[in-house]
Amino acid sequence: MTMVVRAAGLDDLPALDAMARSTGGGFVNLPPDRDKLRDRLTAAIAAFGHEQGQPDDDRFLFVLEDGTAACGTCQIFARVGGNTPFYSYRIDRRSAWCAGLARAIETDELTVCTDHHGCSEVGGLFLRADARAAGAGALLARSRYLFMAMHRARFAATTIAELRGVVDADGGAPFWDGIAGRFFGIGFAEADAFNAANGTHVLADMMPRTPVLLAMLDARARDVVGVPHPSGRPAMRLLEKEGFRHDRHIDLFDGGPTMTAATDRIETLRRARTASVCAIAATGGAPVVVASGRLAAFRCCFGTVAPHGDGIAIDPAAAAALGVATGDILTYSPR
Ligand SMILES: CC(C)(COP(=O)(O)OP(=O)(O)OC[C@H]1O[C@@H](n2cnc3c(N)ncnc32)[C@H](O)[C@@H]1OP(=O)(O)O)[C@@H](O)C(=O)NCCC(=O)NCCSC(=O)CCC(=O)O
């Protein structure tokens with residue numbers, strides 16, 4: 001059965017709920033709470049229903065299915081920070097030459113900022129454990145960049161992704177303990193639950209605005225600045241392959257890296273081509289990630305295409321998975 005990524009609907013709630021409960025917590029975009037997930041699905045259905053062409057507060061939610069229930073999911077936020085500030089720590093380096101010591105003095109400072117206000121964001125990437133390591137994670141992740149290519153006016157000039165920072169086996173986070181925990185007087189697990197219920201901006205609004213010198217942090221906190229949680233390494237690798245880079249911004253609470261890319265430079269999007277289906281037949285052509293349909297009708301899978309007539313030929317399995325016929329328009333990018 002060909003795996004397909006498609007727009008999520010309310011029927012996906014039980015499968016999403018099961019996935020959210022298996023994450024082990026800490027996934028802000030996939031809360032293990034059926035009511036919140038229903039709200040997210042409702043918001044996504046509304047976003048897929050909007051025809052307007054500007055970046056907006058739309059949150060698109062997709063699922064991957066392998067013929068039965070959904071076994072993976074991912075999201076795109078058209079714009080972050082719409083009606084609440086979107087905070088990060090920016091790492092600023094100051095350097096000075098000290099002639100007396102004949103050496104450069106360098107200090108790194110963390111400053112609370114809203115530099116990424118208005119960017120698009122990809123997130124909520126999750127694949128059921130039994131479906132991992134078979135390319136499905138890449139299909140999920142990359143389907144979003146084809147969706148963005150197909151609805152380009154809906155997205156901003158810069159796209160970000162936030163990776164979870166280092167969290168101990170007991171639910172504590174060394175970065176939280178080193179800074180925010182000292183002010184709020186609660187542990188990271190409690191803060192995480194508070195953020196899930198109230199949004200991260202509530203605590204972020206109360207973070208001290210004085211720059212924090214990295215050299216003043218204890219080593220446990222300093223060592224995890226910009227370091228992803230070990231389980232986030234495959235997601236980080238997928239982002240790096242698309243050209244995302246860690247650009248000096250980290251999460252206020254767990255110190256995890258924020259990755260950024262110029263939207264038009266995201267590899268899958270940059271290399272995307274559009275053509276009409278002229279034949280459905282064994283192509284012997286190039287392996288691609290290929291998508292069809294606008295908004296709620298979006299579908300995406302792996303397949304092969306080859307030039308044919310005024311357009312392309314696509315292999316029958318991919319054509320069936322996408323539900324396309326000759327004359328339909330496809331967007332595809334090299335696999
Ligand atoms: C993220 C996914 C969906 C990725 O799926 P898979 O694990 O099947 O992917 P994969 O094909 O096995 O691996 C993807 C790439 O990472 C490489 N890779 C695997 N393990 C690695 C490791 N420990 N260190 C470095 N690279 C590693 C693989 O070789 C491959 O690269 P090559 O192709 O070069 O060989 C999954 O791991 C998952 O559900 N993880 C748990 C949830 C999670 O952490 N989600 C990310 C949250 S962060 C988020 O959502 C924002 C980011 C985003 O939305 O994109």
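Reader: Which arginine lies over the face of phenylalanine 302?

Author: The model is predicted. A charge counts as over a ring if CZ of Arg is within 6 Å of the ring centre and within 35 degrees of the ring normal. Over the face of phenylalanine 302, at 3.5 Å from the ring centre, lies arginine 335.

Reader: Are the planes of phenylalanine 27 and phenylalanine 126 stacked or edge-to-face?

Author: The ring centres of phenylalanine 27 and phenylalanine 126 are 6.3 Å apart. Planes over 60 degrees apart count as edge-to-face. The planes here are at 80 degrees, so the pair is edge-to-face.

Reader: How many residues apart in sequence are the parts that this pair ties together?

Author: Phenylalanine 27 is in the loop between α1 (13-21) and α2 (34-49). Phenylalanine 126 belongs to strand β6 (residues 120-127), so the parts tied together are separated in sequence by 99 residues.

Reader: Is phenylalanine 126 buried or exposed?

Author: Buried means under 20% relative accessible area. Phenylalanine 126 has 7%, so the residue is buried.

Reader: Where does phenylalanine 60 lie, given its pair with phenylalanine 147?

Author: Phenylalanine 60 and phenylalanine 147 form a tilted pair, 5.0 Å centre to centre with 55 degrees between the planes. Phenylalanine 147 is in helix α3, and phenylalanine 60 lies in strand β2 (residues 59-65).

How values were computed: Residues are numbered from 1 along each chain as its sequence is written. This is a predicted model: local features need pLDDT of at least 70, side-chain atom pairs count only at pLDDT 80 or more; totals for chains, interfaces and linings use all residues. Side-chain values use heavy atoms; hydrogens and water are left out. Rings of Phe, Tyr and Trp (its six-membered ring) pair if their centres lie within 6.5 Å; planes under 30 degrees apart count as stacked, over 60 as edge-to-face and the rest as tilted. Helices (H or I, at least four residues) and strands (E, at least two) are DSSP runs, numbered from the N terminus. Buried means under 20% relative accessible area, exposed over 50%, partly exposed in between (1.4 Å probe, protein chains only).
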